[in-house]
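Reader: I have a structure to go through. Can we take the labels and ask what stands behind each?

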Amino acid sequence: MKRIAMFLAALCAGSAVLLGGCKTPPTQDEMKAVDYGPRPENYEQLIRDYLKVRLTDPSSAIVEFRAGPKQLYQQQTSLRDLQWGWGVCVWVNDKNTRGAYDGFYPMAFFIRNGKIIAVNGGDQDNIIGARYARKDCSELGAPFTGR
């Protein structure tokens with residue numbers, strides 16, 4: 001265990017990124033240097049339209065808007081691109097192919113200039129995306145404590 005900790009510390013010190021977790025938080029200057037665009041008024045409809053073609057059963061899915069829109073900045077890592085925009089945290093509970101609900105999972109949306117430009121989490125993302133969605137939702141004020 002000690003060797004693993006030393007290995008990870010060495011990776012972070014050399015500014016390499018294993019799972020996107022070694023980065024320091026963005027500076028105020030980094031976050032202020034980008035244009036977030038106008039605050040989206042129609043963010044719920046944008047997200048529902050996005051989900052409609054990606055959910056198993058969109059008409060019966062439970063979509064909870066938990067936090068946002070709030071300015072959100074995600075640093076570039078080896079696993080995720082730099083993103084910024086108006087962040088919205090959504091918890092989704094969709095039916096599976098057997099018609100049963102599997103439980104909520106978090107998704108984080110980045111919206112800029114009236115368009116969804118990036119999404120973290122969801123059934124079509126990988127485990128790294130799920131991790132970023134949890135982090136984003138927590139940063140937006142809606143920490144996810146489920147599965």
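Reader: Why is Tyr50 called partly exposed?

Author: Its relative accessible area is 21%. Buried means under 20%, exposed means over 50%, and partly exposed lies in between (1.4 Å probe, protein chains only). So Tyr50 is partly exposed. A word on the source: this is a predicted model, where local features need pLDDT of at least 70, side-chain atom pairs count only at pLDDT 80 or more, and totals for chains, interfaces and linings use all residues. Residues are numbered from 1 along each chain as its sequence is written, and side-chain values use heavy atoms, with hydrogens and water left out.

Reader: Why does Phe109 count as buried?

Author: Its relative accessibility is 0%. The limit for buried is under 20%. So Phe109 counts as buried.

Reader: What makes the rings of Tyr43 and Phe65 an edge-to-face pair?

Author: The structure holds three aromatic pairs. In this one the centres are 6.1 Å apart and the planes stand at 75°. Rings of Phe, Tyr and Trp (its six-membered ring) pair if their centres lie within 6.5 Å; planes under 30 degrees apart are stacked, over 60 edge-to-face, and the rest tilted. So the pair of Tyr43 and Phe65 is edge-to-face.

Reader: Why are the rings of Tyr50 and Phe109 edge-to-face?

Author: Their centres are 5.4 Å apart and their planes are at 85°, so this pair is edge-to-face. Tyr50 lies in helix α3 and Phe109 in strand β3, so the pair ties together parts 59 residues apart in sequence. Helices (H or I, at least four residues) and strands (E, at least two) are DSSP runs, numbered from the N terminus.

Reader: What sits over the ring of Tyr50?

Author: The charged end of Arg54, 3.7 Å from the ring centre. The rule asks for NZ of Lys or CZ of Arg within 6 Å of the ring centre and within 35 degrees of the ring normal. Arg66 lies over the face of Trp91, also at 3.7 Å from the ring centre.

Reader: Which residues of α4 are buried?

Author: Ile128, Gly129, Tyr132, Ala133, Asp136, Cys137 and Leu140. They cover an arc of only 165° around the axis, which puts them on the same side of α4. The arc is taken from the directions from the helix axis to the C-beta atoms.
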